[in-house]
Structures are given as C-alpha cells and as structure tokens.
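Visitor: I would like to go through this model slowly, asking at each label what value stands behind it. Where shall we begin?

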Amino acid sequence: MTLAVRYTSARTLDTAPTASSEPGPGEVELAPAYVGICGTDLHIFHGDMDARVAAPAVLGHEMAGRIVRVGPGVEGWRPGEAVTVMPLRWDDTCPACRGGHRHICQHLDFIGIDSPGAMQQRWTVPAATLVRLPDTLPLDQAALVEPTAVAVHDVGRAAVKDGEKVVVVGGGPVGMLIALVARDVGADVRVVELNAHRRLLAEELGLSTWDPAVGDITELVRRWTGEAGADVAFEVSGAAGGVDTAVDVLGVRGRLCLVAIHPRPREINLHRFFWRELTLVGARLYDRGDFERAVALVADGTIPAQRLITKVVPLTEAPAAFEALESGGDVMKILVDCTDDSRGAAV
C-alpha cells in the first residue's frame, strides 16, 4: 500500500492508503518526488468541480519524480530515470483530435482531475505522457515544468513578439511565469498585482509591477506606451475587475489572452473590441512542444524555479497546505514531498 492525498468532499482532504499494482501494457509506475498545488486543485478543494471530479479523488498534476517499473511493451524508458508527466489522455477520434488539437480533446482525460493524480507515493500513467528531465535538474524545481508549459502555451497563443508591450493582470504563479516567458521572447512586460509580497518577488526577478490599488492602470499604460496602449494583455486574475483592466489597457488591434478560469459568465466591454478591433484568444493547457520548451527554460534558469517555491511540505501535511494557499498572503508555490513516509511507506 502507498499513501495518497484524496479529495473526499468540499473543503475536505485526507491522506489514506491506496493500492499499488504492476503497470499494465504501455504503462509505467512512477515514484512522484514533488507535486505542486495549483489553482485548479484549489477549485476542486472548494467543491467547484464536483460535477467532474469523482470523490474520493487523488489530486495533483504538477510533478517530477522517477520511474519505478515499466509495463509490457514500453520501450525507451528504464527504472530510475527522472521524468515529469504531461497529464493529458485524449481519444484521437473526436473532431478536435482529428483537427490536430489533441490537447483540447472533446473527451479529454486530464490526469489528476478526471482520473487519479500524482499526490501519492506510487503513480501509474501511460508511458506516452512521460517527458524526460535532465539529470542536472533538481526534482523540486522540475515540479514547476507543468505550470511553465502553461505559460509557454499562453505566450504562444497570444503570439507575443520581441519588443511588444505586454500587461499581465494577476501576479500569482502562472501570471509570474507568463511574465518571465514573455520577457524571454523579448517583450517589455508589466505585472498588475494587488498583493505586495508577489509584487516584491516579481521586482526581485527583474519584472516591473503596478499596484492597481494606488494607480490608474489604464493611465499608466497610456503613459508607458506613448498613448498607443498595450499590444497584449493576459487575464490571469480570475476576477471581474481583472477582465476590465485587461480589455481597457489594449491598444488598436491588441490581443487579450484569457488564461484564468472564470467559473461564471463575466460582462465584457464589447464596444471596446469593436472600436479598437481587438482580438480575444483562449488559452488552455499545452502540447508536447510547450512541455519540452518548459523543461529547457527551467533547466537553464530562465525560469528561476527555486525562487518561486515558497515551501515544501510532507505528503501528510498537504491538507493544511491547501488551506494556507487559500488564505493567500505571502504564498506563491507550495510543493508536496511525496517521499514522506511519516505515516507509512510504499511497499
């Protein structure tokens, strides 16, 4: 038996033994080392995704670990190798898949949401989901590859180019990563964030920030761009006010990339879209190219992963870590150490 963190009902998690079995054909068994807690996990914790998540559900999809066993027919992988997982399983038959967009398959199994996730001591997944990690990359830092792949995909969807003015509304983990990836492609970036701790961290990483509580963001953008407006805005806050800001800062033919999950419909200034010929782009998940680029960005230090990790908790303390993240404050990214064996070890 192994230990796993399970969602059982709204605002209720436990750590409980779960069975471990040999990997089947085309599968591998992993020993997750570190698993990040993300915003989607918090949505599950709040009970917002009960229509999709079948309790008890093992959470977690931001991970790094090592291969323990390989199943029949698996080639090119061996026990002991360091890997992360692109947690998507598609059907290859729906219109989206046939159109070349398998990452948004119309019957997508997002592993860690629709099926058991990584927050456990042993995890069996399809070998096709594995992404190789460099031996020199510490596994705690490698746990940030998945959210970095999100940022790479977002920046690609928005077609950010060298020299463009970019506003990121929301400086949480994904917003911070978007800002860093956009800067890497040559954009001039501003991060809009209410939380002082997050603004300070962004500034320590060389990013410029604005506090919407003390300044008119639209006016600041007007001055910054010589009255032209921003080329691209990313809405990562998930708040109605964030949507308004992201629309208002854009210049003529600006692109708004919607990243945050908005669980309810939002009003949006469509006249602004008409008047300035704006473009709205949705961005969801990633493909393998995004993941491989993310591995490179974390490995070469472009993404300062260690600076984004607020703390690491043992697997048995994961429920309390969810509550800490929910409270906000001075928290950026919390990792769960799945090698913890304080209440039982993998056998």
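Guide: Let us begin with Arg253, which is found in strand β15 (residues 250–258); strands are DSSP runs of E of at least two residues and helices runs of H or I of at least four, numbered from the N terminus. The model is predicted, so local features need a pLDDT of at least 70 and side-chain atom pairs count only at pLDDT 80 or more, while totals for chains, interfaces and linings use all residues. Residues are numbered from 1 along each chain as its sequence is written, and side-chain values use heavy atoms, with hydrogens and water left out.

Visitor: Why is Arg253 called exposed?

Guide: The relative accessible area of Arg253 is 57%, and exposed means over 50%, buried under 20% and partly exposed in between, for a 1.4 Å probe and protein chains only. Arg253 is therefore on the exposed side of the cut-off.

Visitor: What makes the backbone of Arg253 worth a remark?

Guide: Arg253 has a positive phi of about 60° although it is not a glycine. Most residues other than glycine have a negative phi, and most peptide bonds are trans. Leu285, in the loop between β16 (279–282) and α10 (288–299), also has a positive phi, near 65°. The bond from Ala55 to Pro56 is cis, with omega near 0°, and Pro56 lies in the loop between α1 and β4.

Visitor: How do you know whether Leu285 is buried or exposed?

Guide: Its relative accessible area is 13%, and Leu285 is therefore classed as buried.

Visitor: How many disulfides does a search of the whole structure find?

Guide: The search finds zero disulfides, a disulfide being a pair of cysteine sulfur atoms within 2.5 Å. Cys38, for instance, has as its nearest cysteine sulfur that of Cys338, 14 Å away, and is in no disulfide.

Visitor: How many aromatic pairs does the rule give, and why is the pair of Phe45 and Phe322 called tilted?

Guide: The count comes to four aromatic pairs, where rings of Phe, Tyr and Trp (its six-membered ring) pair if their centres lie within 6.5 Å, and planes under 30 degrees apart are stacked, over 60 edge-to-face and the rest tilted. The ring centres of Phe45 and Phe322 are 5.6 Å apart with planes at 50°, so the pair is tilted. Phe45 belongs to helix α1 (residues 39–45) and Phe322 to helix α12 (residues 318–326), so the pair ties together parts that are 277 residues apart in sequence. Both of these residues, Phe45 and Phe322, are buried.

Visitor: What makes Tyr286 and Phe291 an edge-to-face pair?

Guide: Their planes stand at 85° to each other, with 4.9 Å from centre to centre, and both Tyr286 and Phe291 are buried.

Visitor: What sits over the ring of Trp77?

Guide: The charged end of Arg132 sits there, 4.0 Å from the ring centre; the rule asks for NZ of Lys or CZ of Arg within 6 Å of the centre and within 35 degrees of the ring normal.
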